There are 4 protein chains.
Amino acid sequence: MYLRIKQTVFSVIQPAEKGNVASKIFDVFIMGLIFVSIASVFIMTFDISRETTGFLNGLERASIIVFTAEYLLRIWTANLLYPELSPVRARLKYVTSGMAVIDLVAILPFYLPMFLPIDLVGLRAIRLVRLLRVFKLNRYSEALVSIGEVFKKKYREILVSVFFVLILLVIASLLIYYAEHDAQPDKFPNAFSGLWWAVATLTTVGYGDIYPITAIGRLLGAVIAIMGIGMVAVPTSILSSGFMELLEKKTAAPGNDGDKEKPTYCPHCGKKL
Amino acid sequence: MYLRIKQTVFSVIQPAEKGNVASKIFDVFIMGLIFVSIASVFIMTFDISRETTGFLNGLERASIIVFTAEYLLRIWTANLLYPELSPVRARLKYVTSGMAVIDLVAILPFYLPMFLPIDLVGLRAIRLVRLLRVFKLNRYSEALVSIGEVFKKKYREILVSVFFVLILLVIASLLIYYAEHDAQPDKFPNAFSGLWWAVATLTTVGYGDIYPITAIGRLLGAVIAIMGIGMVAVPTSILSSGFMELLEKKTAAPGNDGDKEKPTYCPHCGKKL
Amino acid sequence: MYLRIKQTVFSVIQPAEKGNVASKIFDVFIMGLIFVSIASVFIMTFDISRETTGFLNGLERASIIVFTAEYLLRIWTANLLYPELSPVRARLKYVTSGMAVIDLVAILPFYLPMFLPIDLVGLRAIRLVRLLRVFKLNRYSEALVSIGEVFKKKYREILVSVFFVLILLVIASLLIYYAEHDAQPDKFPNAFSGLWWAVATLTTVGYGDIYPITAIGRLLGAVIAIMGIGMVAVPTSILSSGFMELLEKKTAAPGNDGDKEKPTYCPHCGKKL
Amino acid sequence: MYLRIKQTVFSVIQPAEKGNVASKIFDVFIMGLIFVSIASVFIMTFDISRETTGFLNGLERASIIVFTAEYLLRIWTANLLYPELSPVRARLKYVTSGMAVIDLVAILPFYLPMFLPIDLVGLRAIRLVRLLRVFKLNRYSEALVSIGEVFKKKYREILVSVFFVLILLVIASLLIYYAEHDAQPDKFPNAFSGLWWAVATLTTVGYGDIYPITAIGRLLGAVIAIMGIGMVAVPTSILSSGFMELLEKKTAAPGNDGDKEKPTYCPHCGKKL
């Protein structure tokens, strides 16, 4: 009897399989609560009345209770998730998994002020990480996994590009500082302002709060801005070749045309089984 | 006799086949009227004289009459478009098709004020959707269809990217709000301003109306701006691989080199028959 | 004797073949003059002394004489360029070719004021087109031709994208006008300002001279800005697949690995012979 | 004995092979010093106290001593790096190699003021080139080499694109000058301002310090901004096809799947042996 309840609870809190209506309702309810919770953080930054604040705080408390219950239920049923492990080890493994840590981090800020004098508003931002759970959605996991695979395959090239960009940023920030400091001491008081300018220019954002006015500064700006194009071109090309590689592998493998024999992914971490 | 007139009308209002001069003239006339109608909406936003306004209103009325007549003729000849259906069903099918809905939406705003007290100027914007009809142009339909195919094939990956971007936007907007609210309460009064800043930064538009000034805000801005590069790189790579996939399929299929055996597309919805 | 001089002149004014020193010197001289001429147009926009202006005008006159002589010599030797045509037809063909028209347009503005009261400064800008001649440079012609081939192959898809973008711009400009006109009548006085904003946003330039301030305008701005990413992604993907197609064709053709059997290009138009 | 010390020193200052702890420590120490040295240049641009300046100057002197010692040791052991050459030639070859020149340039600015009256602050910027040494990092060299290979293979196409962009910039700058000079003589005093605007627009940075206000200037701006999209698309496509070419070559070569048979690279220049 106890085992049967546990198994039912487990099948409900897991991402819904086809036909399991209760699990589907649970999933939608939790996701809805996540959206409501984030919307509430958003609304609280507006100049709202006392009543609205009170209502949102109540909502907050209610959702925390639900999330806490969900977290505890997941720990309780963890041994069904990893049947090959002993109950204690299964729970330990679950608690230390990425998704469980996110769940804990999302509810902890509420309980901490009971023990510690912590600013609630600031910590509430941490609840945003809960949004990551939305990726557990079954529907698009295949697409996500293929994007993730490309990133994993090309992370070295991407890392090298990012590293190169950082070096370029530091060099550009110091050069622009030396070029513009005398002409605009208020805009370029130190190299940090130069770094901010370099980021805005190299990414082609160009806010326009700081920009060079001397001839040499503008020449430097032109070079950095044109290099910014390369900064888009290189990672795009790397990812492009990654997607093509994936595509060729798929078409090369016989009887695996992406729709029929789809691999199963772990409902908890999204990794291939 | 009645049927012959109907058939002639039908062949004229359909996109012109090679050699059908009357149909070609009709197509050009309707397209010209669409452009004139849009230009008139454009010109009306300027500070123009009473005479010009009167002239444009007259033009507007005339074009509405033409568009209404066209719409009715299309309904009348709908049974020739779907000869396999009964006349009533053919018309119902046509009326509910995308293009017919656009046609109706484009003329409705003119008739509504006769019955309802609606602001004409605001609704006139809806007439813009008529522009979509330009895509019925036969000439480039093949190119459009191949772009459309790529989007259709990759919509899952694109949806996932868009979803990821939305989450990133919400997180960034809340973080920047917490970072900058105290330093610039007038620029970042609430998280909505943060969202606006996040959109402008992540898309690398960078208007410069709102930007971080604190060290932590600028660091966050730098991270978001650099992520913005990834935001361009990922969909570009996805579409790239989609175009390559299409290309390989085309070259793989024998005797189908894109020019000789071109497939027929529905003249109404642009879909492959 | 006359023919020999003509042949020598012809070989000199043609792009230098390997070993022809006189022709090489002529090429470098003409190219140098083009750069000097453009630099002079550039410098003349600065606040310069009377002497400098006089010197630049003299330089201008001298270069015009050289360019005129070059143009006449090219017409004179045109029958050697098209030996299969009659002398008159050869010259007519040359005079109407793209490069010859550019040459004429580049020297005409100088002679026009002799007969017509035309503003010299304004027309001098036309001389800029002479810069296009630099593309006749032999060295990189192969790379240019391959880029050109991709554009030629994909011009339909590119045209469709550009057309789609124009429609998007017009729709966006009208929508933003209706959304922002009442809030900022000075920034959005008419739909043309909306169009300017739409261009700056969709291309992610974002000058920051005009931007939405209302909630609905910002929402519209966010959608347009995110669409701007697609605007980069689509043509990039199209060109990417074009380059890949070219690459596959090259590697598929046996014994044609790009370096050994390079095709000959016409020295005048750069087209494949 | 002397030879053994030399050999030990050599193995330590070379990039660490697996298992050589002393060499690993040396590498980390030198890299740490490079980062500290750059951070110090960065910090010195801030408004800091006399004590901090003194401390940073001391740190600077210490790091210069270490870098000098490293440089001399590298010259001393150069004959072990090129065992096939005579000791003198080996040292000459090393001293003229790219990495050694960077090393020398990085320490020279400190010694020059002893002999010449040079501004120390300005020259310190040269020390930034030391950052390039970071690329000697063994770990990611493979990824870097593959990116470098693509650039090397496609440099002609890239050069042509850059050249085309420069011509476009010059033409755009003169056109915008003629279009906007009369309306905004303070913003567009000469063609150089036009060039600055053209760079900011074509790269889609768009600071917003200079922008067209006349109808013709805005039309020109729109055309340039839309061309800016092509400016991203063309190099991205070129690099994409380059990465794909590399990929196909790799997969075509049997038994060379990138991980097992990795080629050895020179630890000094990063080139393939």
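Colleague: Is Thr204(A) buried or exposed, and what is its relative accessible area?

Modeller: Buried means under 20% relative accessible area, exposed over 50% and partly exposed in between, with a 1.4 Å probe and protein chains only, so Thr204(A) counts as buried at 7%. This is a predicted model, in which local features need pLDDT of at least 70 and side-chain atom pairs count only at pLDDT 80 or more, while totals for chains, interfaces and linings use all residues. Residues are numbered from 1 along each chain as its sequence is written, chains are lettered from A and ligands numbered from 1 in the order in which they are written, and side-chain values use heavy atoms, without hydrogens and water. The relative accessible area of Thr204(A) is 7%.

Colleague: Where in chain A is Thr204(A) found, and what is its phi near?

Modeller: Most residues other than glycine have a negative phi. Thr204(A) lies in the loop between α10 (191-202) and α11 (215-252) of chain A, where helices are DSSP runs of H or I with at least four residues, strands are E runs of at least two, and both are numbered from the N terminus. Although Thr204(A) is a residue other than glycine, its phi is positive, near 60°.

Colleague: What is the phi of Thr204(C), about, and what is its relative accessibility?

Modeller: Thr204(C) is found in the loop between α10 (191-202) and α11 (215-252) of chain C. Its phi is positive, about 60°, although the residue is not a glycine. Thr204(C) counts as buried because its relative accessibility is 7%.

Colleague: How are the axes of α9 of chain A and α2 of chain D oriented, and which residues make the contact?

Modeller: The axes, lines fitted to C-alpha atoms over the stretch in contact, with angles running from 0 to 180 degrees between N-to-C directions, come within 11 Å and cross at roughly 30° for α9 (residues 155-180) of chain A and α2 (residues 21-44) of chain D. That makes α9(A) roughly parallel to α2(D), since angles under 35 degrees count as roughly parallel, over 145 as roughly antiparallel, 65 to 115 as roughly perpendicular and the rest as oblique. Contact means heavy atoms within 4.5 Å, and the residues that make this one are Val170(A), Ser173(A), Leu174(A) and Tyr178(A) of α9(A) with Ile38(D), Val41(D) and Phe42(D) of α2(D).

Colleague: Which residues does Thr68(A) contact beyond its sequence neighbours?

Modeller: Thr68(A) belongs to helix α3 (residues 50-76) of chain A and counts as buried at 16% relative accessibility. Leaving aside neighbours within four places in sequence, its contacts are Ile107(A) and Tyr111(A).

Colleague: Which residues does Asn190(D) touch?

Modeller: Asn190(D) sits in the loop between α9 (155-180) and α10 (191-202) of chain D, and counts as buried at 13% relative accessibility. Not counting residues up to four places away in sequence, Asn190(D) touches Thr45(C), Phe46(C) and Tyr177(D).
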